[in-house]
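Here are some notes to read alongside the model, written as numbered points. Please keep the structure open as you go.

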Amino acid sequence: MVLRRSGSQSLVSLLGHWQETNARTPRWRQLADALRLLVLDGRLAIDSRLPGERELSTALGVSRTTVASALGHLRDEGFITSRQGSGSRIVLPARQQIPTRMTAGDMLDLSTAALSAGPEIHQAYTHALTLLPGHLGSTGYDPQGLPALREAIARRYAGRGLPTGPEEIMVVNGAVSGLALILRLMTGPGDRAVVENPTYPLAIAAIEGASCRPVGVPLSPTGWDVDGLTAAFAQTSPRLAYLMPDFHNPTGRCIDAATRQRVADLAARTRTALVIDETMVDLWYSAPPPPPLAAFNPQAPIVTLGSCGKSFWGGLRLGWIRASARTIAALVQARDTLDLGSPLLEQLAACWLLDNAEGLLPARRKMLAGRRDMCSALMAEYFPEWRYVVPEGGLSFWVELPDMLATRFAARAESAGIHLGTGTRFGLSGAFDRWLRLPFTQHDIDLRSAFTTLRPVWESLTGQQNNLRTRKII
């Protein structure tokens, strides 16, 4: 088996600002904590091989003893394994489950923006089981998806201002799976894909997993930089662009109708395919978002991704692709080498949820708006120095710290039993180390408990920073 190797410069970018000058914590321990965080975040892939000690010490500007001690500590914890002459590779300790979910023991995950299942999920499955016998006479294989579910999804698009037929819908196993399938059809190795910067980290992973190169376009203070998108399209000739206009992850921004029109017209003019991620579209708290971007210019090559994960429950593992009937037919053919379709029972459950969405979603939005407001109040109480804009939708805050402290803060928080999502997860090449994505999906009591634990961790970190600045001034 050929192991993927992490380049030293790439690793330096991922580590960000991991060093704490004049800290009581030894430098080797700081490095070990930062590397462990990359593994737990999923940014260092399992079975990938690390650079050698000499190469890594040169790239990081630390002694080889520091690197060796850090790797030795991670080896003792079970996060790496080493063989003479073969270097070190990333593994997970037996007690860990998967790198982005810390569910063992008393660990609290504040990195995941998702909710547990509500009682409506049980209702949906109960209803689905009553319908299942009527489908047992078939093979159960349908690579495009259950016709009844495709019809329900098409009706939702039509209701939002985008006329759609069931032949323009394909059911997939989640939005990320849908994106991977689109990349498989539309791109080849070395192709460029424009993304917002920051953006959803699993989208970056899917693009890189397809051997494509993500090209970041920074978001403006108010949303999309259409001039920046135009320049990126002209300069890089991307195969496609992946964009999230509806309560963007992680910033929570929603793009207005006028900007959507400009972006759709740009795609039509340049013939650049847009992959529009609408997975957050149902989670609005003040007003619903504008119509789907594909409704603004029928000539634009736009493929839209949707999902049940955020609207109802991630455990359904169901999403969909909305595109022209010709594109859907090509995607169905491309799917043959990946899987033979989505689970039938989950599709039946999703039908019930979509048919009852107008009765279910308002209560979900009300609950989430309350948690958002409580999270905002707690941040004002515990962390008044943090800056953020209260999002009008989505599941999280995009929080600006007073300095590039996210990696160090998250590493210390990990030791205190709390897993945080650093901004560097959402940027290209380790950017956004002064940002955190903070979900408000936890119960109020859990959020307050987390903030109570995090405040002294934050004070210990910022106190060292302030002491260092004072010494420099003196």
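1. Let us begin with a helix pair. Helix α3 (residues 53-60) packs against helix α4 (residues 64-77) at an angle of about 115°, and their axes lie 8 Å apart. Axes here are lines fitted to C-alpha atoms, for helices over the stretch in contact, and angles run from 0 to 180 degrees between N-to-C directions. Helices (H or I, at least four residues) and strands (E, at least two) are DSSP runs, numbered from the N terminus. On the α3 side the contact is made by E53, R54, L56 and S57, and on the α4 side by R64, V67, A68 and L71; contact means heavy atoms within 4.5 Å. By class, this contact has four nonpolar, one polar and three charged residues. Ala, Val, Leu, Ile, Met, Phe, Trp, Tyr, Cys and Pro count as nonpolar, Asp, Glu, Lys and Arg as charged, and the others, Gly among them, as polar.

2. A word on the source. This is a predicted model, in which local features need pLDDT of at least 70 and side-chain atom pairs count only at pLDDT 80 or more, while totals for chains, interfaces and linings use all residues. Residues are numbered from 1 along each chain as its sequence is written, and side-chain values use heavy atoms, with hydrogens and water left out.

3. Next, helix α10 (residues 257-270). Its 14 residues reach 20 Å from first C-alpha to last, close to the 20 Å expected at 1.5 Å a residue; the expected span is 1.5 Å times one less than the number of residues. At the start of α10, a side-chain oxygen of D256 comes to within 3.2 Å of the backbone nitrogen of A258. Just after the helix, R271 takes a positive phi of about 60°.

4. Which residues of α10 are buried? They are T259, R260, V263, A264, L266, A267 and A268, where buried means under 20% relative accessible area, exposed over 50%, and partly exposed in between (1.4 Å probe, protein chains only). Their cover includes α9 (226-236), β7 (240-243), β8 (273-277) and β9 (302-307).

5. The loop between β7 and α10 deserves a look, as it holds both F247 and P250. Phi of F247 is positive, near 55°, and this residue is buried, with a relative accessible area of 2%. A cis peptide bond joins N249 and P250, with omega about 25°. For context, most residues other than glycine have a negative phi, and most peptide bonds are trans.

6. Another cis peptide bond joins N197 and P198, with omega about 15°. P198 sits in the loop between β5 (192-197) and α8 (201-209).

7. R317 also has a positive phi, of about 50°, although it is not a glycine. You will find R317 in the loop between β9 and β10 (319-322), where it is partly exposed, with a relative accessible area of 45%.

8. Is T337 buried or exposed? T337 is exposed, with a relative accessible area of 58%, and it lies in the loop between α11 (325-335) and α12 (344-355). Its side chain is joined to that of R184 by a polar contact of 2.7 Å. A polar contact is a pair of N or O atoms within 3.5 Å; within protein, one must be able to donate a hydrogen and the other to accept it, and residues adjacent in sequence count only if both atoms are side-chain atoms.

9. Lastly, helix α14 (residues 406-415) is mostly covered, with nine of its 10 residues buried. Charged members of the buried set include R408, R412 and E414. After α14 comes G417, whose phi is positive, near 90°.
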